[in-house]
Amino acid sequence: MSSYRRSLVLWACVGLAAFSLLAQDDVKARAKGVRELGKGGSENIPKIEPFLSDPVVDVRLEAVKAIAAIGTQRSLDPLIKASSDNDPEVQTRAVDGLVNFYVPGYLKTGLTAPLRRAGSSIKSKFTDTNDLVIDPYVQVRPEVIAAIGRIVSGGASLDTRANAARAVGILRGRDAIPDLEKALQSKDSGLIYESLVALEKIRDPSAGPSLTFLLHDLNEKVQITAIEATGLLMNHEAMNELRDVLDRSHKIKVKRAALTAMAQIPDPQVHAIYTTYLDNKDEGLRVAAAEGLARLKDPSDSAALERLFNSESKTEPRLSIAFALVSLGKRGTEEFDPLRYLVNNLNAAAYRAFARAYLSELARDPEVRQALYPVLKEGVVTRDEKTGLAEVLASSGGPDSVAPLEALSQDTDPEVSQAGLRAVKNLRARLP
């Protein structure tokens, strides 16, 4: 090669390197500019939004992060647009931003909070602590659910789809049920699990049949969650499958889940199964058996349940027996009555959730509610009992519950008054 041609090649290489450096500098400048615009609040969203179409993913990522962090009503449409991006992290951050609008603070605690682009896996941030859900009075825009649902069924990665499934559950996105049902057909256990939990939160019984095939899944976590969801969605058609799981499984966690699901689908034909497990050495199976009898409401079970309530030494089974006795008609609130026992356990951190769940189901009966109202006025009633009963009445009360909750909203204890106010809003959102 002549010295002239070598010079041309050398200058070309230098030019390309210089151009590359300039391009890199330009990308950094755009990303920095987006970050600066994000500090200006919602007024700058129209200036940030064009960067969601930037050809460089790092710039688009800064744009979606900035818009999500602003978190106002004006953020929703740009975040819906960003959810269609082909990059998994942009999609995930857009979804988390949408959830953050309805659940303020989610960006600090959600999956992307500790995420770093290099080397971090979204999947590693998933945990079994998955009980977050918006209050019933919170109304989510249909376009938001539609956008997140599209990611559930066809996102840029399996992790992104799983994250979107979790978001749909948090937002009670009923319109995304078809997307969740499609996700159940995937081969990824994480996506299936998140989709099952979302269906549990949405609580639409029509989805029950779509998950029956998972009752024998080889992944124990998926199998147990599918069993639990079958019970919560009250899929009566799956009763024989649940009985088969109970009879054949050698895993105690699976057997507990199966009997618990059967207990949520009251059927006189399985009465003998409940009574068989009522004295089982495993306390989880005893709990499920008592729950089944509670929902069957057979008066002939009262004597056996009374005996067990007085002899049971473990708290969880005793709570379930108390639940059954109240369901069968014991509505007294004296010191040693089962209804009082349930209320008292609202004070115990370890058992508050169990007591609240049982009371919520019982409070659907107007007679039980009438027995609870005087408890709220007692001089010895505690803060935890007041706030717990406020949640119970919010989820299960009727028009007759409005006045007692409004009285709680005027309580001198700020925590109680806030709980009462929130309960009134949730109750009114639920009532016709």
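A residue is called buried when its relative accessible area is under 20%, exposed when over 50%, and partly exposed in between (1.4 Å probe, protein chains only). The model toured here is predicted: local features need pLDDT of at least 70, side-chain atom pairs count only at pLDDT 80 or more, and totals for chains, interfaces and linings use all residues. Residues are numbered from 1 along each chain as its sequence is written, and side-chain values use heavy atoms, with hydrogens and water left out.

Rings of Phe, Tyr and Trp (its six-membered ring) pair if their centres lie within 6.5 Å; planes under 30 degrees apart count as stacked, over 60 as edge-to-face and the rest as tilted. The count of aromatic pairs by this rule is three.

Please select Phe309 and Tyr341. Their ring centres are 5.7 Å apart and their planes stand at 85 degrees, so the pair is edge-to-face. Phe309 belongs to helix 16 (residues 302-311) and Tyr341 to helix 18 (residues 338-344), 32 residues apart; helices are DSSP runs of H or I, at least four residues, numbered from the N terminus. Phe309 is buried at 3% relative accessible area, and Tyr341 is buried at 17%.

Next, select Phe323 and Tyr358. With centres 4.6 Å apart and planes at 15 degrees, this pair is stacked. It joins helix 17 (residues 315-327) to helix 19 (residues 352-362). Phe323 is buried at 2%, as is Tyr358 at 6%.

Methods
Helix = DSSP H or I, 4+ residues; strand = E, 2+ residues; numbered from the N terminus.
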